[in-house]
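Thanks for coming. Please have the sequence and the structure open.

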Amino acid sequence: MLDLTRKEVLERKALRINPCKICQPVGAMYCALGVERCMPHSHGSQGCCSYHRTVLSRHFKEPAIAASSSFTEGTSVFGGRSNINTAVKNIFDIYNPDIIAVHTTCLSETIGDDLGSYILDMDIPDGKLVVHCNTPSYVGSHINGFFNMMMGFMNYLTKKSGTCNGKTAIFPGWVNPGDLREIKRLCAMMGVDIICFPDQSGVMDAPMTGKYEMYPNGGTSVAQIRALGDCAGVLGLGEITNVEPVQLLEKKWKVPGKLLKAPIGVRFTDEFLMELQHVSKQEVPSSLETERGQLVDLLLDSHAYTFQKKVALFGDPDTVEGLTSLCLEMGLTPKYVITGTPKEDFARNVNALFERYHAEGCVVKANADLFDLHQWIKNEPVDLLLGTTYGKQIAKAEDIPFVRAGFPVLDRYGHTLQPIVGYRGAIRMVEKITDALMTRLERDSSDEDFEIVL
Ligand code: SF4
């Protein structure tokens, strides 16, 4: 399918080919699905909303509920006030959520709808809430939409009572439900009382019960979001996704914040646990030391098959940075590292990793696309591709082993239930990566080298 991609790299400024990102409202919708009994609402045309729901449903293999203002040609001329008023009334009457989280789309941003004033004038039923954020899709990516929606919730709901609740707010960033469960498990083992916001576990990995629940049992509650202003501190897991939400809580309510790397791989998980230890003043339990020791043992055992193999990584910035760190711990060479999200801090952070591990000749780029990556691979091939489903055509065209990770993974099952964070998540990723490399080794080996024991 991509066999005709040219090798010659030409400078492009105003053109993206196979973008390594999705538009902002997808992130806003996923964030809102992590709030208890919340209906995400797309203020724009039905087509945008359908696309955003579809990509989330295909990744999570779960229904992603959301409503739309259903813009028409007339709305584009006269504005969307009457549409949102009718929509909010209908949603509370028919679907009965506790809260509606409205995000904008390209169209409502372009016509300049002032959602803040529309919501102020709305007739909202007692005990119900409507919040909003702006998600213009012609800037940023789904990661911007995700943290913009977090800030929308916090701007409307957070309070400070004056009494510290002693809890630590955890902003997990854009991760799968399996990762959220692992993050919460680590916090519980370290004795840290947390509010995790947002929290899609229970919602986007709901069990089959034989009965459809529009609002499955999960999500950060409105009361918990209100209480964020009373927390003793906030930890943002993922420096790029969480910098603005952490700053908001610091500036608005003087909650001391700290940004950490997404806890992927040995080093970044160590840093997360050390921070939890600092909060709880508890020793790391021996069971976690055992998990770490098993991971390090696995790194040593598999080293012969991973050392100096070249890998190309792509996806969301914090996830890719964490996976790059894990690849370096495995002895892999992260030859190409890209994200489509336009955040230059990403390149600075990944370059710091290259320096720490003395990785020579590696390239990192933010605001890049998969066409860039494919052309680089054509000029200097890699041994492994690590990223989202959107890399599968490159893997096929260049005959490269491919390990799926990040968002979206549209063509595999079960991945959202399993973590990539923590020592357990790293063990899983090391297994997947080493398996892919060893499978290729066996496929390419001659009969006399085709061994039962490797
Ligand atoms: S029009 Fe804008 S908001 Fe709608 S799907 Fe396209 S990029 Fe996303």
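Let me start with H415, which sits in the loop between β13 (402-404) and α17. A word on the labels: helices (H or I, at least four residues) and strands (E, at least two) are DSSP runs, numbered from the N terminus. Residues are numbered from 1 along each chain as its sequence is written. This is a predicted model, in which local features need pLDDT of at least 70 and side-chain atom pairs count only at pLDDT 80 or more, while totals for chains, interfaces and linings use all residues.

Is H415 buried, exposed or partly exposed? The classes are these: a residue is buried if 20 or more other C-beta atoms lie within 10 Å of its own, exposed if 12 or fewer, and partly exposed in between, with C-beta atoms placed from the backbone. H415 counts as partly exposed because it has 18 C-beta neighbours inside 10 Å. Leaving out residues up to four places away in sequence, H415 touches R404 and V409. Contact here says that the C-beta atoms of two residues, placed from the backbone, lie within 7 Å. Between the C-alpha atoms of H415 and P177 there are 9.6 Å, although these residues are 238 apart along the chain.

Now the sheet that contains β13. Five strands make an open sheet in the order β11-β10-β9-β12-β13, with parallel pairing. Two strands count as paired if DSSP finds at least two bridges between them. At the edges are β11 (363-365) and β13, each pairing on one side only. On average, neighbouring strands of this sheet are turned by 15° against each other, direction ignored. For these angles, axes are lines fitted to C-alpha atoms, for helices over the stretch in contact, and angles run from 0 to 180 degrees between N-to-C directions. β13 runs parallel to strand β12 (residues 384-387), and three bridges join them. One place to look is L386, whose bridge partner in β13 is V403. Across β9 (310-315), β10 (333-339) and β12 lies α13, running at about 165° to β9.

Next, another sheet. Four strands form an open sheet in the order β2-β1-β3-β4, and the pairing is parallel. β2 (67-68) and β4 (129-133) stand at its edges with a single partner strand each, so one side of each has no neighbour in the sheet. Strand β1 (residues 38-43) pairs with strand β3 (residues 99-104) in the parallel sense over six bridges, and P40 has A101 as its bridge partner in β3. β1 and β2 also run parallel, joined by two bridges, and the partner of H41 in β2 is A67.

β1, helix α2 (residues 46-60) and β2 make a right-handed β-α-β unit. Right-handed means that, with the strands pointing away from the viewer, the path from the first strand over the helix to the second runs clockwise. Helix α4 (residues 81-94) lies across β1, β2, β3 and β4, at about 160° to β1.

Which way do the residues of β1 point? In a regular strand the side chains alternate between the two faces of the sheet. C38, P40 and S42 point one way from β1, M39, H41 and H43 the other way, and all are buried.

Strand β7 (residues 233-237) is the next stop. Five of its five residues are buried, so β7 is largely enclosed by the rest of the structure. G233, L235 and L237 point one way, and V234 and G236 the other. β7 pairs with strand β5 (residues 168-171) in the parallel sense over four bridges, and with strand β8 (residues 257-260), also parallel, over four bridges. On the β8 side, the partner of L235 is K258. From β7 the chain crosses through helix α10 (residues 239-253) to β8, and this β-α-β crossover is right-handed.

Last, helix α12 (residues 286-306). The helix has 21 residues and reaches 29 Å from its first C-alpha to its last, close to the 30 Å expected, where the expected span is 1.5 Å times one less than the number of residues. α12 has a kink of about 35°, centred on L300; the bend at a residue is the angle between axes fitted to the seven residues ending there and the seven starting there. L295, L299 and T306 of α12 are buried, and what covers the buried residues includes α11 (265-280), α13 (317-329) and α17 (422-444). After α12 comes Q308, with a positive phi near 65°.
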